[in-house]
Amino acid sequence: MSLDLCFMPAAEMAAAIRARRLSPVEALEAVLAQIERVNPAVNAIVTVAADRAREDARAAEAAVMRQRPLGPLHGVPVSIKDLTPTAGIRTTFGSLAFADHVPAEDALIVERLRTAGTIILGKTNTPEMGAGANTKNRVFGPTRNPWKPTHTCGGSSGGAAVALATGMGPLAQGSDTGGSLRIPASFCGVVGFRTSPGVVPAYPTPLPWDPLSVPGPMARTVLDTALMLSVIAGPDPRAPMSLPVEPERWLEAARAPDRRTDRTGERREGRVAWSPDLGLIPVDPEVAQIAGAAARVFQELGCTIDEASPDFTGAREIIQTTRAARMATVYAHLLPKWRDEMFPPLVRNIEQGLGITARQWGQAEVARTALWHRVRTFFDAYDLLMTPTVAIPPFPVELDSPPEINGRRMETYIDWLMLTYAITITGLPAISVPAGWTADGLPIGLQIVGGWRQEDAVLRAAAAFEAARPWAGRRPPLASPAAS
């Protein structure tokens with residue numbers, strides 16, 4: 001029964017707790033036992049807040065028994081990425097510079113999860129400062145892919161994705177700049193949703209007007225992802241970019257994806273563009289085949305599909321410039337003391353940013369504006385754009401990043417992330433859902449991109465695909481007691 005609890009969807013768990021069929025203490029103890037059994041093999045959860053979680057679970061149980069008002073995720077365990085501050089729980093950012101850091105204040109997203117009734121399990125592993133998409137650092141070491149532990153789980157929300165895939169909680173918080181929710185979701189066979197900037201408010205942050213980095217939800221099902229999103233989204237004056245939202249639209253889209261309507265409420269069929277590479281990057285043939293087959297499922301669902309893509313000319317240069325400038329702004333102060341202890345590609349990124357002129361940054365933003373208008377007009381003809389989430393399957397964990405794809409050299413540690421990063425700079429919402437499996441049994445993700453602020457369309461498409469090609473029952477072998 002305990003393993004069944006570990007893989008119970010959050011929506012079902014919350015309903016069972018509310019109906020007194022399940023105790024929050026029982027649910028938590030099942031997950032803590034799974035962490036004790038599985039985590040040593042994968043190193044996903046790097047700080048386990050067991051004592052505090054047990055205290056919170058007992059309080060949650062008492063609230064149920066006393067018939068107190070309950071939040072929508074009352075008693076449901078959740079993990080928090082180690083880039084996100086948690087009051088009283090160590091938050092290292094994957095960096096030796098913060099190895100003993102214990103924040104005094106929760107991040108806003110953690111505040112909202114607590115208000116919704118969740119039980120905070122602890123912190124999940126991340127690359128240093130979230131730099132790169134292979135989750136390893138000098139504080140905790142590498143997090144391993146649950147399907148092939150010699151390989152990477154992706155990143156930077158890698159610990160979060162592995163925790164979900166192995167039953168160490170039904171929900172996980174992550175964040176995404178170049179694909180950090182979507183890439184590990186793809187590599188681990190779970191769901192990661194990067195929403196439009198401002199949908200999920202970011203606080204604290206030194207760059208509250210930054211549209212590139214967003215916090216967000218991860219889960220094993222689309223409905224759980226939408227449910228988590230519904231409690232973390234919405235405006236707050238501490239996050240000046242934050243937006244009013246309509247969470248009920250997201251939940252309806254996830255629960256009833258066959259109710260496909262346009263903006264006037266009239267039912268119509270969807271228009272889907274499929275691109276294997278966005279014209280930006282070579283893609284592994286097996287990945288392209290699996291993701292392409294997943295996209296064609298939407299023909300069975302009544303959509304029309306064309307192979308088409310916006311013109312992403314100049315995207316790589318925009319990414320390289322804006323990323324370097326951001327890294328220098330946020331992390332340059334660490335170099336004098338910590339340079340030799342930091343992740344070398346991060347150091348190079350910071351140094352590159354310190355050399356960027358105001359004119360270069362401005363030119364990148366002008367180019368990004370032109371790119372946006374090309375993408376905007378592309379979506380006049382299409383409702384959704386679909387791509388592989390990542391150009392390659394998971395690679396050996398010892399590598400910081402793949403040196404080449406299909407014989408083409410990857411010049412930097414982020415070049416292989418272009419399929420997700422190119423979408424980031426448009427500001428459009430994008431989700432990664434499990435698309436299929438390689439011959440070696442490794443997950444491959446399908447990235448579904450919606451139009452301007454069309455989160456409900458993305459969730460509806462993801463839920464429709466999930467219903468047509470169910471995946472949630474598949475578990476890594478090491479997640480079962482017999483493997484430990």
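Which residues does Asn 137 touch, not counting residues up to four places away in sequence? The legends below take up this residue and several other sites in a predicted model.

Figure 1. When residues up to four places away in sequence are left aside, Asn 137 touches Gly 94, Asn 125, Thr 126 and Glu 128. With one of these residues, Asn 125, the contact is polar and runs from side chain to side chain at 2.8 Å. The side chain of Asn 137 also reaches the backbone nitrogen of Val 139, at a distance of 2.9 Å. Asn 137 has a relative accessible area of 10%, and because this is under 20%, the residue is classed as buried. Along the chain, Asn 137 and Arg 348 are 211 residues apart, whereas their C-alpha atoms are separated by 16 Å.

**Figure 2. Pro 127 in the loop between β3 and β4.** Strand β3 spans residues 119-124, and Pro 127 lies in the loop between this strand and β4. The relative accessibility of Pro 127 is 1%, which is under the 20% limit, and therefore this proline counts as buried. Not counting residues up to four places away in sequence, Pro 127 touches Phe 93, Gly 132, Asn 134, Thr 135, Lys 136 and Ser 156. From C-alpha to C-alpha, Pro 127 and Ala 104 are 23 Å apart in space, and in sequence they are separated by 23 residues.

**Figure 3. Two cis peptide bonds, one ending at Ser 156 and one ending at Pro 204.** Gly 155 and Ser 156 are joined by a cis peptide bond whose omega is about 10°. Ser 156 has its place in the loop between β5 (141-142) and α6 (158-165), and this serine is also among the residues that Pro 127 touches. The peptide bond from Tyr 203 to Pro 204 is likewise cis, with omega near 0°. Pro 204 is found in the loop that lies between β7 (191-194) and β8 (214-219).

**Figure 4. Positive phi values at Gln 67 and Arg 453.** Gln 67, a residue other than glycine, has a positive phi near 60°, and its position is in the loop between α4 (50-65) and β2 (77-81). The relative accessible area of Gln 67 is 65%, and because this is over 50%, the residue is classed as exposed. Arg 453, also a residue other than glycine, has a positive phi near 55°, and it is found in the loop between β15 (443-450) and α16 (455-468). With a relative accessible area of 41%, Arg 453 is partly exposed.

**Figure 5. The whole chain, as a setting for the close-up views.** The chain contains 16 helices and 15 strands. Its radius of gyration is 21 Å, close to the 23 Å that the globule rule gives for 484 residues, so the chain is as compact as a globular protein of that length. Taken along the principal axes, the box filled by the C-alpha atoms is roughly 60 × 60 × 50 Å. Of the 484 residues, 63% are buried, and the chain exposes about 18,100 Å², of which carbon and sulfur atoms supply 52%. Among contacts between residues at least 6 apart in sequence, 76% join residues at least 24 apart. The chain carries 48 positive and 49 negative side chains, and the centres of these two sets lie 2 Å apart.

Technical notes. Residues are numbered from 1 along each chain as its sequence is written. This is a predicted model: local features need pLDDT of at least 70, side-chain atom pairs count only at pLDDT 80 or more; totals for chains, interfaces and linings use all residues. Side-chain values use heavy atoms; hydrogens and water are left out. Buried means under 20% relative accessible area, exposed over 50%, partly exposed in between (1.4 Å probe, protein chains only). A polar contact is a pair of N or O atoms within 3.5 Å; within protein, one must be able to donate a hydrogen and the other to accept it, and residues adjacent in sequence count only if both atoms are side-chain atoms. Contact means heavy atoms within 4.5 Å. Helices (H or I, at least four residues) and strands (E, at least two) are DSSP runs, numbered from the N terminus. The radius of gyration is taken over C-alpha atoms; the globule rule is 2.2 Å times the number of residues to the power 0.38. Accessible areas come from the Shrake-Rupley method with a 1.4 Å probe; for residues, only the protein chains shown count as cover. Lys and Arg count as positive and Asp and Glu as negative; His and the chain ends are not counted. The place of a charge is taken as NZ of Lys, CZ of Arg, CG of Asp or CD of Glu.
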